[in-house]
Amino acid sequence: MKIEEVKSTTKVHRIAAHSHIKGLGLDERGEAIKIAAGLVGQTQAREAAGLVVDMIKMKKMAGRAVLLAGPPGTGKTAIALAIAQELGSRVPFCPMVGSEVYSSEVKKTAVLMENFRRAIGLRIKEVKEVYEGEVSEIIPHEMENPISGGGLGKTISHVVITLKTSKGSRTLKLDPTIYEQIKKEKVEPGDVIYIEANTGAVKRQGRCDVFAAEFDLEAEQYVPIPKGDVHKKKEVIQDVTLHDLDSANAQPKGGMDAMSLLNRLSKQKKTEITDKLRQEINKVVNKYIDQGVAELVPGVLFIDEVHMLDIECFTYLHRALESTIAPIVIFATNRGISKVRGIQDMKSPHGMPHDLLDRVMIIRTLPYGKDEMAHIIKIRAETENLSISEESVLRLAEIGEKTTLRYAVQLLTPCNLLSKVNGREDISNDEIEEVNELFFDAKSSAKILVEQADKFMS
Ligand SMILES: Nc1ncnc2c1ncn2[C@@H]1O[C@H](COP(=O)(O)OP(=O)(O)OP(=O)(O)O)[C@@H](O)[C@H]1O
Ligand SMILES: [Mg+2]
């Protein structure tokens, strides 16, 4: 069995509004620290979220559902993203917004199914024959291009690389295709790498920790120099999601045995994933699990603005949660009693059908007080690198209290622009008042609509 490098299909969501959030900010006892990891207040919800994280880590949560419910701008999305941070990169976290299911090309349930499988991980352990060590030298050897008779210059004929471990060192002569990979992984002398003997796949593990003091500010992972021989057997762990396997194996050319199934991970293409394919993949995955080669890692599917889903989606979700392989599903909504989409005249709390609502654990988020808003606004200003006077932070908090936190936070950027125009260093109350007059928050806009209903089209 060979497992090649995976191209992960994880969705990359950069949500700028939440970039200050680094985690749930809990202490060792699981109690919320008032201001920590970018989060302020909302302590009960954060502690509840902490329990959810613990349960996921203990694998006690699969197939369960949690609902974050609270008014707009009370940190539901922020807390869900903090949960993702706490889980780390090994546990899959798949975020989506309810309205994503309405696409003209794909069925609603197919969108849900795909996201479900993005939230279920598989950890595959395998013993591989590798050459591992710290790179002390990489020397590419060139030769005249044989095809062009020298006209096209030189090509690489082979590359000589020396790997060092605590026990000794070894020099290898390698194929030019491996040199391509070495360049792609940006391997330099001083890095710790391994090369798979069977496939020639190169994996850079990090910089050797002898160099740890090189730079102070660097997003580098430092690893110790490997022990033992350069040529050895090594247990390699690979994390993939079921969706990674689905998409890598859509329209497979080879057989459906375990080996070719995983081999295709390296060649990615966009083709339709059929139910039949998913079933085949499940079969192989189950076989792996039975053999002890792989382990299931149920992750999190986060469905924000869940009230956008309709009854068909809810029914599907309810059933999917009962299946043997299910992630934990976290919903979020700011709706109170409202209509369930797709059913005539049915109202329900949070716009979710009663039977599904019955099985979720609900975490409430509460409106912030002025002090908490002021802290959050200050953190946001710092994250966006804006300077603002203490007095103006309080003024924004006051506005936030009357409108929403999000509205107040969103005023920061235009205020900053205006303060530059006004030739100021800091944002002052002048800018806040001016911008606040130019824009409307949802509530005051709604009020105007009611007052001037006759002037609008409806
Ligand atoms: N407790 C908090 N600490 C720090 N920042 C917060 C906190 N709560 C909310 N924020 C920030 O305030 C803004 C609004 O919060 P968020 O988007 O999470 O609200 P929400 O509850 O999801 O609202 P909606 O119902 O409208 O989706 C975001 O930028 C978020 O990061
Ligand atoms: Mg939200």
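I started at Leu366, and its backbone nitrogen sits 2.8 Å from a polar atom in the side chain of Gln42. For my own notes, a polar contact is a pair of N or O atoms within 3.5 Å; within protein, one must be able to donate a hydrogen and the other to accept it, and residues adjacent in sequence count only if both atoms are side-chain atoms.

**Ground rules**

This is a predicted model, where local features need pLDDT of at least 70 and side-chain atom pairs count only at pLDDT 80 or more, while totals for chains, interfaces and linings use all residues. Residues are numbered from 1 along each chain as its sequence is written, chains are lettered from A and ligands numbered from 1 in the order in which they are written, and side-chain values use heavy atoms, with hydrogens and water left out.

**Entry 1: more on Gln42**

I looked up where Gln42 is, and found it in the loop between E2 and helix H1 (43–57). Helices (H or I, at least four residues) and strands (E, at least two) are DSSP runs, numbered from the N terminus. Is Gln42 buried or exposed? Gln42 is buried, because its relative accessible area is 9%. The cut-offs I noted are under 20% relative accessible area for buried, over 50% for exposed, and partly exposed in between (1.4 Å probe, protein chains only).

The side chain of Gln42 also makes a polar contact with the side chain of Tyr368, at 3.3 Å. Then I listed what Gln42 touches, skipping residues up to four places away in sequence: Thr74, Ile79, Thr365, Leu366, Tyr368 and Glu372. Contact here means heavy atoms within 4.5 Å.

**Entry 2: ligand 1**

Tyr368 took me on to the ligand. A nitrogen atom of ligand 1 is 2.6 Å from an N or O atom in the Tyr368 side chain. For Lys76, I found a side-chain N or O atom 2.7 Å from an oxygen atom of ligand 1. With Val40 the backbone is involved: one of its N or O atoms lies 2.7 Å from a nitrogen atom of ligand 1.

How much of ligand 1 does the protein bury? Taken alone, ligand 1 exposes 630 Å², and the protein buries 96% of that. Accessible areas come from the Shrake-Rupley method with a 1.4 Å probe; for residues, only the protein chains shown count as cover.

Which elements give two or more residues to the shell around ligand 1? I wrote down strand E2 (39–40), helix H2 (76–87) and helix H12 (405–421). H2 supplies the largest share, three residues.

There are 19 residues around ligand 1, and Val40, Lys76, Thr77, Tyr368 and Arg406 come nearest. Near means that one of a residue's heavy atoms lies within 4 Å. By class, I get nine nonpolar, eight polar and two charged residues in the shell. The classes go like this: Ala, Val, Leu, Ile, Met, Phe, Trp, Tyr, Cys and Pro count as nonpolar, Asp, Glu, Lys and Arg as charged, and the others, Gly among them, as polar.

Why does ligand 1 lie between domain 1 and domain 3? Domain 1 (16–119 + 299–364) and domain 3 (370–450) both give residues to its shell, so it lies between them. The domain bounds come from an automatic or database domain assignment.

His20 is in the segment before strand E1 (35–36). His20 counts as buried, because its relative accessibility is 11%. How far apart are the C-alpha atoms of His20 and Arg380? They are separated by 6.9 Å, though the two residues are 360 residues apart along the chain. Their side chains make a polar contact at 2.9 Å. Leaving aside neighbours within four places in sequence, His20 is in contact with Ala37, Gly38, Ile379, Arg380 and Thr383.

Asp345 has a positive phi of about 55 degrees although it is not a glycine. I found Asp345 in the loop between strand E15 (337–339) and strand E16 (347–349), and at 72% relative accessible area it is exposed.

Asn385 isn't a glycine either, and its phi is positive at about 65 degrees. Asn385 belongs to the loop between helix H10 (370–383) and helix H11 (390–402), and its relative accessibility of 71% makes it exposed.

**Entry 3: the whole chain**

Last, I zoomed out. The chain has 14 helices and 17 strands, and 46% of its 458 residues count as buried.
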